[in-house]
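Open the model in your viewer and keep the selection panel at hand. We will go stop by stop.

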Amino acid sequence: MKLKKMFALLAAVVFAVVALAGCGGSNGSGSKGDKKVLKVGTNADFAPFEFQDKEGKEYQGFDMDLIRAVGEQMGYKVEIENRAFDGLIPALTAKDIDVVISGMSINDERKKKVDFSDPYYDSGLTIVVRKDDDRIKNFEGLKGMTVAVQIGTTSAKEVKKIEGVNVRELNSSADTFLELNAGGVDAVVNDKPVNENYIATSGDGNVKELADRLTSEQYGIAVSKGNTELVKKIDDALKALHENGKYDEIYKKWFKAGK
């Protein structure tokens, strides 16, 4: 009788161990139901491309919608991290993040450190001045003036090339506009769509954009140098979004008019 009970107990233990092992195998991190994670770095102070809602929780903007659509097309779960703009490429090269999307212009200097996807947006630099200031007509007119730019951007790089300009580099595009309104600088140089968005949403009729445009730039999604596999996945996803109309839908949401 005791022997039968012992065999029954052993059988029950073996069954329980097998059952537990089966549960662990189906719900572990390697299960088929899990999505890969795409860690995205951005500087969420560049409306209408990337910014946070009034509660400071949700990341919004053209770039944010686009990268989520890219991730969905690739079958990835997108996780977005907000970082200083000049810290994005270092974070990428250190592999703290997988990609950067932050209104980042493709240029030769950056291409030495990272690889880029196909361009997803055409842009350029323009000047914003106070509405009652008629001293500055174009980029040549910035000579002798104090100009605010965001640190680490192509705006900072290009304005520094203009002889006789006092360049003031600030942490964010919002800071440049605040400094302009406070009278601390004579002008702001930034990407055209960002300047236009500020005038439309926050300018209160106090500032204006000049017609002159400096440079023609294209934005790209940056990845770690040599990660050709990820670049191809992103390029394929961008192509699919253009073909299925999703890109146009996102574009019209943030820029209203067609491309």
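This is a predicted model: local features need pLDDT of at least 70, side-chain atom pairs count only at pLDDT 80 or more; totals for chains, interfaces and linings use all residues.

Stop 1: Select strands E2, E3 and E4. These 3 strands form an open sheet in the order E2-E3-E4, with antiparallel pairing. Strand E2 (45-46) and strand E4 (59-60) are the edges, each pairing on one side only. Now pick E2 and strand E3 (residues 50-52): 2 bridges join them. Show aspartate 45; its bridge partner in E3 is phenylalanine 51.

**Stop 2: the cavity.** How many cavities of 30 Å³ or more does a search of the whole structure find? The search finds 1. Select its lining: Phe46, Phe85, Ser102, Gly103, Met104, Ser105, Arg110, Gln150, Thr153, Thr154, Asp191 and Glu217. Colour by type and you get 3 nonpolar, 6 polar and 3 charged residues.

**Stop 3: salt bridges.** The count is 19 salt bridges. Start with glutamate 58 and arginine 68, whose side chains meet at 3.3 Å, N to O. Glutamate 58 sits in the loop between E3 and E4, and arginine 68 in helix H2 (residues 62-74), 10 residues apart. Glutamate 58 is partly exposed at 40% relative accessible area; arginine 68 is partly exposed too, at 28%.

Move to lysine 143 and glutamate 140, a salt bridge of 3.4 Å, N to O. Glutamate 140 has 54%, so it counts as exposed, the cut-off being over 50%.

Finish with glutamate 169 and lysine 160: their closest N and O atoms are 3.0 Å apart. Then select Glu58, Asp65, Arg68 and Lys253, which salt bridges with shared partners join into one network.

Definitions and conventions: Residues are numbered from 1 along each chain as its sequence is written. Side-chain values use heavy atoms; hydrogens and water are left out. Two strands pair if DSSP finds at least two bridges between them. Helices (H or I, at least four residues) and strands (E, at least two) are DSSP runs, numbered from the N terminus. On a 1 Å grid over the protein atoms alone, a cavity is a set of points where a 1.4 Å probe fits but cannot get out, and a pocket is an open set with protein on both sides within 12 Å along at least five of seven lines; lining residues have an atom within 4 Å of a point. Grid points are joined across faces, edges and corners, and a volume is the space filled by probe spheres set on the points. Ala, Val, Leu, Ile, Met, Phe, Trp, Tyr, Cys and Pro count as nonpolar, Asp, Glu, Lys and Arg as charged, and the others, Gly among them, as polar. A salt bridge is a side-chain nitrogen of Lys or Arg within 4 Å of a carboxyl oxygen of Asp or Glu. Buried means under 20% relative accessible area, exposed over 50%, partly exposed in between (1.4 Å probe, protein chains only).
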